[in-house]
Amino acid sequence: MLSNVHSKKRLQLFLGLIIGIVFGFFLQKGGVTKYDIILGQLLLTDFTVLKIMLSAVITGMIGIHLLKYLGLVQLHIKPGSIGTSLIGGIIFGIGFATLGYCPGTLSGAIGQGSLDALYGGLVGILIGTGVFAAIYPRIEKTLLQIGSFGELTIPDVLRVNPWMVVAMVSIVLIALLFVVEKLGL
Amino acid sequence: MEWLMMKQWSPYIVGIGIGILSWFSFLISDKPIGCSTAFTRTSGMIERLFSGKRVLEKNYYVRFPPIVDWEWMLVVGVIIGSFISAKLSGQFHMQWIPDTWSSTFGSALITRWLIALFGGVIIGFGARWAGGCTSGHGISGTLQLAVSSWLAVICFFVSGIITAMVIYKIIP
């Protein structure tokens, strides 16, 4: 691994900025910085978001597992629980549809001049994360721990070689994209 | 260079591009792409302006100190990158009300502002509760085959689809 590069703090801040610029450029070119396209996905009339996400996941998954096999990267699995992913995920979805942007695409929307994202969404997200920080001590050891499973991966659960899962997930997601295209969505 | 000025690229080109970008993110920064902790940190910075250093002792800010880090810079980069893309294609313009919104709810600025603000509070709160957003869980977590991320992203979309259909009165 490029440990000497990873430990240079200032360089890393710069690299974060560069990766962000490329990411933002892609998001805007993909159209997902627009409220209309995100709501189109949630109303199931426009499948741009799904197409972008699934092709990113397939490409990313194969590459990251190959780089890991070569010893060039390590995984960063978020630990989780039913309490965090299920309850948090449902709350997130309600906000996602109401706001019409997620934190990343909201940042992109601000860059393209969407004022509802800047004055509404951004201010709201800052309040929401602040409120969460305030109540965190009260739920940290209770609600967030329900059904805790730690840093678990799908290959761990199935007790198979990660490549088996990479192959299966790739096939299923590519098939799903074919169906979406076939249906003209 | 005409392709840089195009309004929209194929979603597959964009998706593959983001996938390749994630390789570089792991390789050169040892970090998955994510966005929502940057908002937590900014919120902590603002809180610090009002209530001083004791903010740093809050449990959550001990975990995510209110400082400028890699992911914070990434979010700044997203704003810049989107601005560049929009400028190149002539799509940059100040707009308060999205078209889909105004065609159903009219063009009253205050309504859209309040709903966006409310939605922002909920998604910010939910993103931190879930421990990630559409980037951190939805792309970076799922591509690593993390159970927490697959579960979260399924909930994001199921809940998002139901909510959107209620808002747009497709389901009662």
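Trainee: How do the axes of α7(A) and α2(B) cross?
Mentor: In this predicted model, the axes of helix α7 (residues 115-139) of chain A and α2(B) cross at roughly 80° and come within 8 Å. Axes here are lines fitted to C-alpha atoms, for helices over the stretch in contact, with angles from 0 to 180 degrees between N-to-C directions. Angles of 65 to 115 degrees count as roughly perpendicular, and α7(A) and α2(B) are therefore roughly perpendicular to each other.

Trainee: Which residues of α7(A) make the contact?
Mentor: A:Ile125, A:Leu126, A:Thr129, A:Gly130 and A:Ala133. They meet residues of α2(B) including B:Phe39 and B:Ile46. Two residues are in contact if their C-beta atoms, placed from the backbone, lie within 7 Å.

Trainee: And how many residues does each chain give to the contact?
Mentor: Chain B gives 114 residues and chain A gives 108. Local features need pLDDT of at least 70 and side-chain atom pairs 80 or more, while totals for chains, interfaces and linings use all residues. Residues are numbered from 1 along each chain as its sequence is written, and chains are lettered from A in the order in which they are written.

Trainee: Switching topic: how many helices and strands are in chain A?
Mentor: Nine helices and two strands, where helices (H or I, at least four residues) and strands (E, at least two) are DSSP runs numbered from the N terminus. The C-alpha trace of chain A spans about 50 × 45 × 40 Å along its principal axes.

Trainee: What comes just after α4(A)?
Mentor: A:Gly71, with a positive phi of about 75°.

Conventions. Parallel < 35°, antiparallel > 145°, perpendicular 65-115°, else oblique.
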